[in-house]
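Dear colleague,

I am passing on the structure we talked about. Please find it here, followed by notes on what turned up around the ligands.

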Amino acid sequence: MQKMPQWADVLLIPLVSLILAAFFSAVVILAIGENPWEALKIMVEGALGSTYGWGYTLYYATNFIFTGLAVAVANHAKMFNIGGEGQAVMGGLGVALVCLYIPFPHWTLALLAAAATAAVFGAAWAAIPALLQAKRGSHIVITTIMFNFIAASLLNYFLIGPLKADGMEPATARFPEAARLPTFQDMFSSPDNPLFRGAPANVAFFVAILACIAVWLLIWRSRLGYEIRSFGWSEPAARYAGISPVRIIMLTMLISGGLAGMMAINNVMGEAERLVLNSAEGAGFIGIAVALMGRSHPLGVFLAAVLFGFLYQGGAELSLWTGIPRDMVVVIQALVILFTGALDNMVRMPLERVFSTLRRAPKPDSKSTTARTAE
Amino acid sequence: MDLATILQVLDTTVRLATPLLFACLAGLFSERAGIVDIGLEGKMLAAAFLSAAIAAVTGSVWIGLSAGIVGALSMSAIHGLASITFRGNQLISGVAINFLAQGLTVVIAQSWFNQGGRTPALAGGARFHSITLPGAEALREVPVLGPIYYELISGHSILVYVALLCVPLSWWVLQRTRFGLRLRAVGENPAAVDTAGVSVERLRYAAVMICGVLTGFAGAYLATGLQAGFVRDMTAGRGYIALAALIFAKWRPWAALWATLLFGFLQALSLRPDVLEGVLRIDVSSQLLDALPYILTVVILAGFVGRAIPPRAGGEPYVKER
Amino acid sequence: MADAAPAIELKGISKSFGPVQANKDISFKVMPGTIHGIIGENGAGKSTLMSILYGFYKADAGEITIHGTPIDITDSQTAIRAGIGMVFQHFKLVPNFTVLENVVLGAEDSGLLRPSLARARRELKALAEEYELNVDPDAVVEDIGVGMQQRVEILKALYRQADILILDEPTGVLTPAEADHLFRILGNLKDQGKTVILITHKLREIMEATDAVSVMRRGEMIETVTTAGTNPTELAELMVGRTVLLQVDKTPATPGAPVLQVSDLKVEHDGVARVKGVSFEVRAGEILGIAGVAGNGQSELLEVLGGYRPATGRATVNGVDLPLSGRGADGRSRRDAGIAHVPEDRQSEGLVMEFAAWENVGFGYHHTDRYSRGTLMDHAALKADCAAKMERFDVRPPNPNLLAKNFSGGNQQKIVVAREMECDPDLLLVGQPTRGVDIGAIEFIHQQIVALRDAGKAVLLVSVELDEILSLSDRVAVMFDGRIMGERQASETNERELGLLMAGITDTDAPHSEAEIEANLARRSASAEKEA
Amino acid sequence: EPAIIYDLGGKFDKSFNESAFNGASRWAEETGESFAEVELQSEAQREQALRRFAEQGLNPIVTTGFSFASVLEQVAPDYPDTTFMIVDSVVDQPNVRSVVFDEHTGSYLVGVMAAMASESHTVGFVGGMDIPLIRKFACGYAQGVKATDPEAEVLANMVGTTPAAWADPVRGSELAQAQISQGADVIFAAAGASGIGVLQTVADEGVMGIGVDSNQNYLHPDNMLTSMVKRVDNSVYDAFSAGESLEPGVVTMGISDEGVGAAIDEYNEGRVTDEMRTALDEARAGIEDGSIEVHDYASDETCDAISF
Ligand SMILES: Nc1ncnc2c1ncn2[C@@H]1O[C@H](COP(=O)(O)OP(=O)(O)OP(=O)(O)O)[C@@H](O)[C@H]1O
Ligand SMILES: Nc1ncnc2c1ncn2[C@@H]1O[C@H](COP(=O)(O)OP(=O)(O)OP(=O)(O)O)[C@@H](O)[C@H]1O
Ligand SMILES: [Mg+2]
Ligand SMILES: [Mg+2]
């Protein structure tokens, strides 16, 4: 039941929504006595105007892709995984253990091992809430919230205790050189054409893209994905079809937790190269917004993650070069989430009306009733 | 463990439970009407800031309280607009409100007061003081009951008693009034309300506004009752805990009281390593202490609380024509 | 009466949902004090038209006149004030409210509930006496049967002093006894001077109960005729646009070896025994019909055999034991054992409403080689298969990409039936195959079931429609209170006998009064409640 | 033009960032010149801000907080012409000035005062997040208390284990309540913005509080015993004043150079008795001449005076 052309749905509406968000951000920036036009220029220039900017934008985006996918996968089974934060923290712990204690001959092996361990740790952290939901009906929202707090305490325990390096800082030692992941600079830069200078984007970005593809295959192409989606839409139907709810809840949450955990290969292994307190830095929560804005589809998650990467990097440049406080950046993020995510019907409804008057044209035949296909 | 210690822990329990209780009841009204609200945190924060800011400026805590309520109400209005009028995703709207409050409170606080996103410290009539209930002094010496009355029941700020009163009041409104009947109905099956000739939108807006008022109290209590001013992010995740308590309480007012008291109690315990060590006879590290309320919540949830079935129409916008 | 103003007059009503035009320029009249039938295929626009009249949807164009006064019905409140009451096809009740609360909802007298509830309790009693509408006012709606729920809906309308009552497919979910009762009530209402609009797919009901009947097709009003001046065959033709067979056309069965054998099967749910030890068998090439008032254990029986409800006892298919609980007691193993299952509730079980038709066509069979390659699904195979099935089963529109929820009820059912029949099962379980389905589709689905039987398969049919049971089955078993009360050859029994068995009365030769039957049924529901 | 990079807590954290900001602002006011500053929002921005400021030609570049150490170690060699300064940690690079404070001795001093002011022989310590630095404060404080009053009991609690612990005044307040109910009548708050809650409760309950980092005596003129000042502001002020000629190397700010100390001003002088002054002077002298050895928790991550 298309009420307007596809391009308007996927391009025009988000664009208009972004403009609205920008407008209201401008109002707030004006109110605190700064120049919104300058601010916009700095943000765009700083985040997208150079390979350096892109290097940061994509670095943040990589984090959000992982956590966004984690939330998205769970969403398909109608599980609301608020625990991405804790799962990412535990993933970081896994990465640190692997990188610190196993001597790797080459970074590729380190990446494989770290990614696997991160996934296992993240999955393990999701496993208990999942099991309690599946077997005891304990609400996954509460348990995952609780597990976020517990993970933070656990991380603190390790970082001021067993894993702490010398010095004041509650952090592990720096990972050995062999566990260093190549950054975009290492990969694409040459002495006469320096690119991505100093930016933290690294191979983990490509792992994230692979994860998008894998999740797409999982959800829309695999049998498990089919079962996950049918369970999500209707549990009675799933039971009727012989799909075990316990199995689906467990598998979905393990995959979700694994994805969230894998974020650690980007921020812990790729960027910080050591484990610090609060390593996930709220990416788990941004992942919720990213997944919801991306309509739980990997492509949507990717785009939303890049948008948030842009906001983070653009926001950093704002803080660096203007007197606009960093809290203003949070306000801008909020407005973007609000207008592109929650209020998109405010834009859609009038646009639909415009389009339907534009083509009050012939018969609504079977073609025009073609609803969205499953993808 | 002596009576005084127990009373002290319970006293802390009551204070820590109060903002949770307000927020939990707020979420209860919203969710019973079918509007899921993970923006409790943001609304509380907005209210905490505005109540402290206006109280600081006017010197009157009551004007501050009203301003805090107005602040939470305006966040509610955004949530209503997004999730009722424009049938948006209620979760996204909640997330946005949390971010918005987190950013705006500090930006505005900084531009108004220039004290690093804090409000000036409140004193005198600009904050809620504890009140002594009648007879508390006189009865203080009575064994057992005296201290209980004096320490535990008396001596809280007025908002604590308001919160406690809100429990029977909420129950009464939900169960005994026309409005409550309709509100519960709209969270279960909005079509039933619609075909009965009652506006779904108006009811849901009313619920969301009540939610605003109650989160307004919650925030004002934090900033002007428990504390004497606003500090950035001072809600510190209490909105999420209130949400957990709400699910725990299975969306019922009396159960909400017990659930928030339980959470308050667990948090109070985690403030008292001496008591825990005395009872458990083991050394508890600060990390374990910090995680304890959350671990116990999961244990209690898994062990004793069954499946929680939310209001059936919760989270779904009411759409007639697909 | 003929020169009185029409109770309802619609002029030029049109309504579209996006590109779909549900009602096209509809005009028609309903005379006061009559029962007016409306018929039409699934998706013809009947429900939409009535919803407009009730203010649930807003028409794009057109005028409405009630008792000669034009009114602009903007919402249900206006409609209620104009004396219109409506019982929707899908009930609009609050499931966890009591009957009383549901009745007063929106019609409270004051801000406080108590007085309203007290008044409603009194009025309900009066209405119950006046119209034979007995319901326990304190029962919670989700705990009572659909028949009762419907009475609640009618009471809701009457409590609001409706003078015009619209019923959208009221008998779709009722047992014959309940349906008879409903029509007596409608008769009473008519005698009181009220106007009734009745939407139904059952021509027998139209012929028995209505004064006039309007026929809709594809969003348009085709014709309005007086019931006395027409007959079922003509109506069916008007409706579908072709001749329809109103009788199942089948040859006598030639049963072979037993396929399904069940002995001493028991089901408990929440500590209440729902099935109390049943034994029966179904042979190859025969249809065993299970009749019974809804809620006597038939649904549970089907679910057990379908693999998603645990039970004790024994069941075998082709001599192989079916696990009844624990491992192996799931839908997938059942399908592997050659059991296909058309569930009673197509919308919540049989289909995933948000899936496209092509995804639904492999639902439950998605793990078989037919639809999957390794761990991936074979989309091409699913789509091709779906297109083929749609063609063979005449699903309209034949568009595999349309979401299941966007098909009409009849067509949804055809998708389920196509899926379950085309997988070459040894045993087919069918629950309520034609609930809410239009006569064209009923005819088709019945033919398919008979064809399957003729291909030598065993069929277990559960239905609350006695008509359907009688015309489709070869043998009939009747369930009452979790037990089988008796078994008959379909050719040797009749509605009266089955009706008595359904009420738990086994000496079917003796005369029994209606009061006795009702009393027996009531006893059973009372005892069921006590157990719960 | 000099630059300063604040840690994640932000420049208004009621702790060392705020103190650093105050130093920078004082310099700007006095000289009429301007400086660049940024508040970080994520870990990845540490390196980013350092490099961007260095490339922009800003010099010197001050970073506040030990969390910069690891990054600065790597970034500093890339910009040999820029002088960096780090507060609270040592970075061994030729162009880095490392400023560390003897928080343990400063805490020792306020511990001495606390022990003397306490009538109940019970004093409290409320830390923010449980990290080694805060334990260093607690350990020094406890030693000062015990040295003065061996009978005294020191109650120590941390607000939490996540960064939220720096900004939860409500919890700080309840911890103070709990300590007061256990008899504490002097409480030392080293908890950032959570400390606001601690000191508020101290004032409401009529006991005595000790502030931290900057002089917080003015917050509750009737109830502050003193503040353990850590003059990050001075070190930033000095660095900005030195400008491009800022000396690299390790600078330890202790009691003798007034880098740390117990603040006495018009708000609390009434409460500081002559005995206290004498004791303070003795303690200072003892620490300076080595006759009093205050154990530094950070040196071996143990503390005999108190357990965590
Ligand atoms: N809520 C809705 N949103 C969009 N389209 C709708 C909606 N309800 C009905 N339609 C459209 O209106 C048409 C008529 O539907 P309607 O429910 O009135 O049919 P009906 O005659 O009642 O069918 P049935 O016999 O199955 O009850 C349908 O084909 C459908 O396309
Ligand atoms: N989103 C939609 N787009 C197009 N048509 C729709 C849509 N939703 C419903 N319909 C149409 O509405 C009509 C009625 O839908 P409804 O939900 O009332 O089911 P129904 O056909 O009446 O089924 P049942 O008889 O089982 O109740 C159907 O004919 C269907 O084609
Ligand atoms: Mg219909
Ligand atoms: Mg229908």
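A polar backbone atom of C:Gly45 lies 2.8 Å from an oxygen atom of ligand 1. This is a predicted model, so please read every distance with that in mind.

Ligand 1 has two further polar contacts to report. A nitrogen atom of ligand 1 is 3.0 Å from a polar side-chain atom of C:Tyr57, and a side-chain N or O atom of C:His201 is 3.1 Å from an oxygen atom of ligand 1. On its own, ligand 1 exposes 630 Å², of which the protein buries 81%.

The shell around ligand 1 has 17 residues, and C:Gly43, C:Gly45, C:Lys46, C:Ser47 and C:Thr48 are the closest. By type, the shell comprises 5 nonpolar, 7 polar and 5 charged residues. At least two residues each come from β2 (20–30) and α1 of chain C; α1(C) gives the largest share, 3 residues. The site is shared between chains, because the residues surrounding ligand 1 come from chains B and C.

C:Gln89 leads on to ligand 2. Around ligand 2 there are 13 residues, the nearest being C:Gln89, C:His90, C:Arg346, C:Asn406 and C:Gly409.

- C:His90: a polar side-chain atom is 2.9 Å from an oxygen atom of ligand 2.
- C:Arg346: a polar side-chain atom is 2.8 Å from an oxygen atom of ligand 2.
- C:Asn406: a side-chain N or O atom is 2.5 Å from a nitrogen atom of ligand 2.

Taken alone, ligand 2 exposes 600 Å², and the protein buries 75% of that area. Its shell consists of 2 nonpolar, 8 polar and 3 charged residues.

As for placement, ligand 2 lies between chains A, B and C. Within chain C, ligand 2 lies between domain 1 (8–240) and domain 3 (347–424), because both give residues to its shell.

Regards

Technical notes: Residues are numbered from 1 along each chain as its sequence is written. Chains are lettered from A and ligands numbered from 1 in the order in which they are written. This is a predicted model: local features need pLDDT of at least 70, side-chain atom pairs count only at pLDDT 80 or more; totals for chains, interfaces and linings use all residues. Side-chain values use heavy atoms; hydrogens and water are left out. A residue is near a molecule or strand if one of its heavy atoms lies within 4 Å of it. A polar contact is a pair of N or O atoms within 3.5 Å; within protein, one must be able to donate a hydrogen and the other to accept it, and residues adjacent in sequence count only if both atoms are side-chain atoms. Accessible areas come from the Shrake-Rupley method with a 1.4 Å probe; for residues, only the protein chains shown count as cover. Ala, Val, Leu, Ile, Met, Phe, Trp, Tyr, Cys and Pro count as nonpolar, Asp, Glu, Lys and Arg as charged, and the others, Gly among them, as polar. Domain bounds come from an automatic or database domain assignment. Helices (H or I, at least four residues) and strands (E, at least two) are DSSP runs, numbered from the N terminus.
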